[in-house]
Amino acid sequence: MKRYAPLLIFAALVILLAVGLTLNPREIPSVMIGKPAPAFKLDRLDAPGQFSPSELKGQAYLLNVWASWCGACIQEHPVLNDIAQSYKVTLVGLAYKDQDADAKAWLQTRGNPYAVVVADRDGRVGIDYGVYGVPETFVIDKAGRIAYKHIGPITPEVFKNKILPELQKAQ
């Protein structure tokens with residue numbers, strides 16, 4: 001048995017690698033699904049004052065985590081603009097670890113699809129939501145629970161095939 005141990009270890013590693021290669025890194029399961037969305041109160045970038053998600057209790061919405069320094073956010077942003085114009089969807093933008101002036105300039109240049117934009121300057125709210133990086137989007141149901149998490153930029157296909165059905169269930 002001792003002489004077969006290296007072969008067995010090698011076979012196990014090959015199997016693990018093969019299984020790992022079939023996984024989609026954008027579908028990292030979130031332990032937050034079904035749990036209350038973390039509460040926060042952050043400064044708004046689009047208007048004076050602060051915003052708390054409790055203001056949207058009873059309404060399903062999308063929380064989109066983005067940043068002006070994010071390359072993938074450039075790809076996603078036109079899709080968010082289309083969603084805001086074509087669907088009755090409330091979008092909340094969470095500017096993650098960004099400079100206020102940079103985030104505001106980004107929205108001024110590219111358009112603002114968000115009903116509300118808040119500044120998560122130190123990234124603590126992102127950490128509370130389990131954000132791995134930007135962009136990430138959460139479907140929050142009308143009871144204030146996280147119903148779905150999408151990692152990476154939203155494409156029209158992702159919105160229609162994954163996010164929109166989850167949003168409809170969340171209402």
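Me: Is glycine 126 buried or exposed?
Reply: Glycine 126 is buried, because its relative accessibility is 0% and the cut-off for buried is under 20%. Keep in mind that this is a predicted model.

Me: Where does glycine 126 sit?
Reply: Glycine 126 is part of helix H4, which covers residues 124-129.

Me: What does glycine 126 touch, leaving out residues up to four places away in sequence?
Reply: Glycine 126 touches Leu94, Tyr96, Asp120 and Val131.

Me: And how far apart are the C-alpha atoms of glycine 126 and lysine 97?
Reply: Those C-alpha atoms are separated by 8.9 Å. Along the chain, glycine 126 and lysine 97 are 29 residues apart.

Me: Changing topic. How many residues are in the largest nonpolar core?
Reply: The largest nonpolar core has 49 residues. Those with the most contacts inside it are Leu62, Trp66, Ile83, Tyr129, Phe138, Phe159 and Ile163.

Me: Which element gives the largest share of this core?
Reply: Helix H5, residues 156-170, gives the largest share, with 6 residues.

Me: You listed Trp66. What is tryptophan 66 in contact with, apart from neighbours within four places in sequence?
Reply: Tryptophan 66 is in contact with Cys73, Gly93, Leu94, Ala95, Tyr96, Asp98, Ala103, Trp106, Leu107, Tyr114, Val117 and Val134.

Me: Now helix H3. Which residues of H3 are buried?
Reply: In H3, residues 100-110, the buried residues are Ala103, Trp106 and Leu107. They lie on the same side of H3, because they cover an arc of only 90 degrees around the axis.

Me: Why would residues three or four places apart point the same way?
Reply: An α-helix has 3.6 residues a turn, so residues at that spacing point the same way.

Me: What is exposed on the other side of H3?
Reply: Ala101, Gln108 and Thr109 are exposed there.

Me: And what do the buried residues of H3 pack against?
Reply: The buried residues of H3 pack against strand E3 (61-66), helix H2 (71-86), strand E4 (91-96) and E5.

Me: On to charges. How many salt bridges are there in the whole structure?
Reply: A search of the whole structure finds 7 salt bridges. In one of them, aspartate 43 pairs with arginine 121, and the closest N and O atoms are 2.9 Å apart.

Me: Which parts does that pair tie together?
Reply: Aspartate 43 lies in strand E1 (residues 42-43) and arginine 121 in the loop between strand E5 (116-120) and H4, so the pair ties together parts that are 78 residues apart in sequence. Aspartate 43 is partly exposed, with a relative accessible area of 26%. Arginine 121 is also partly exposed, at 42%.

Me: What about aspartate 46 and arginine 44?
Reply: Their side chains meet in a salt bridge, 2.8 Å from N to O. Aspartate 46 counts as partly exposed, at 30% relative accessibility, and arginine 44 is partly exposed with 22%.

Me: And aspartate 141 with arginine 145?
Reply: The side chains of aspartate 141 and arginine 145 form a salt bridge, at 3.0 Å from N to O. Aspartate 141 is buried, with a relative accessible area of 9%, whereas arginine 145 is partly exposed at 37%.

Me: Which residues do salt bridges with shared partners join into one network?
Reply: Asp43, Asp100 and Arg121 are joined into one network that way.

How values were computed: Residues numbered from 1 in each chain as written. Predicted model: local features only at pLDDT ≥ 70, side-chain atom pairs only at ≥ 80, totals over all residues. Heavy atoms only, no water. Helix = DSSP H or I, 4+ residues; strand = E, 2+ residues; numbered from the N terminus. Buried < 20%, exposed > 50% of the residue type's maximum accessible area, 1.4 Å probe, protein only. Contact = heavy atoms within 4.5 Å. Core = buried A, V, L, I, M, F, W, Y, C linked by side-chain atoms within 4.5 Å. Salt bridge = Lys/Arg side-chain N within 4 Å of Asp/Glu carboxyl O. Arc of directions from axis to C-beta.
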